[in-house]
Amino acid sequence: QVLYPVQTGGSVVAGMVPRSADVGYLVTKVVAVDVDSGQNAWLSYKLQKATDRALFEVGLQNGEIRTIRQVTDKDAVKQRLTVIVEDNGQPSRSATVIVNVAVADSFPEVLSEFTDFTQDKEYNDNLTFYLVLALAVVSFLFITCLVVIISVKIYRWRQSRIL
């Protein structure tokens with residue numbers, strides 16, 4: 001079972017690589033567990049698919065994803081890696097995980113490439129709108145209550161003065 005990166009419905013950036021990264025730069029680590037014990041629980045990690053196979057490698061025993069060459073300006077911002085994790089049992093069982101890696105120096109570069117973040121932005125915009133609307137309604141009700149209470153006090157004060 002893969003523990004990290006957690007797989008959700010959307011594409012989540014699991015690692016970010018600056019364009020100035022050297023060879024051997026640690027991008028992220030795939031973490032998995034096996035319920036077996038002993039030799040059957042030994043896990044091996046392999047890079048099954050990648051946007052650019054010449055840029056990344058996965059540590060066979062530790063699941064660390066590292067760069068194997070210098071990052072260039074020609075490399076795509078959005079890199080998609082499929083890592084397969086196999087146990088040492090007979091028969092061997094496996095799990096796959098998709099790791100999205102961003103090759104960029106700043107977060108705004110990544111934002112334009114990963115569409116799921118724009119959906120989150122729309123969600124945040126809607127949430128902000130509803131929060132502002134709720135604040136306005138509560139403020140209006142508060143001011144209305146104050147006006148009513150002050151009006152009643154003034155009315156009672158005038159009634160007592162007339163009598």
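Helices here are DSSP runs of at least four residues, numbered from the N terminus. With that in hand, let's walk through this predicted model, starting in helix α2, which spans residues 115-162 and holds Phe129.

Phe129 belongs to a nonpolar patch on the surface, together with Tyr130, Leu133, Val137, Phe140 and Leu141. Together, these residues have about 650 Å² of accessible area. Is Tyr130 buried or exposed? Its relative accessible area is 53%, and exposed means over 50%, so Tyr130 counts as exposed.

There is also some ring geometry to enjoy here. A pair of aromatic rings is described by the distance of the centres and the angle of the planes. Searching the whole structure turns up one aromatic pair. Its members are Phe129 and Tyr130, arranged edge-to-face, with 5.3 Å centre to centre and 65° between the planes.

Now let's turn to the strands. Strand β8 (residues 78-87) is largely enclosed by the rest of the structure, because seven of its ten residues are buried. Which strands does β8 pair with? One is β5 (residues 43-50), which runs antiparallel to β8 and is joined to it by seven bridges; here Ala50 stands opposite Leu81 of β8. Another is β9 (residues 94-103), also antiparallel, with nine bridges to β8. Val83 has Val97 in β9 as its bridge partner, and a hairpin of six residues links β8 to β9.

Our last stop is Arg19, in the loop between β2 (13-17) and β3 (26-29). Arg19 has a relative accessible area of 16%, so it counts as buried. A polar atom of the Arg19 side chain lies 3.0 Å from the backbone oxygen of Thr72, and the Arg19 side chain also reaches the backbone oxygen of Val103, at 3.3 Å.

Technical notes. Residues numbered from 1 in each chain as written. Predicted model: local features only at pLDDT ≥ 70, side-chain atom pairs only at ≥ 80, totals over all residues. Heavy atoms only, no water. Helix = DSSP H or I, 4+ residues; strand = E, 2+ residues; numbered from the N terminus. Buried < 20%, exposed > 50% of the residue type's maximum accessible area, 1.4 Å probe, protein only. Polar contact = N/O pair within 3.5 Å; in protein donor to acceptor, adjacent residues only side chain to side chain. Patch = residues over 30% accessible without salt bridge, like charges linked within 9 Å, V, L, I, M, F, W, Y side chains within 5 Å. Areas by Shrake-Rupley, 256 points an atom, 1.4 Å probe, with all protein chains shown as cover. Salt bridge = Lys/Arg side-chain N within 4 Å of Asp/Glu carboxyl O. Phe/Tyr/Trp six-rings, centres within 6.5 Å; stacked < 30°, edge-to-face > 60°. Pairing = 2+ DSSP bridges.
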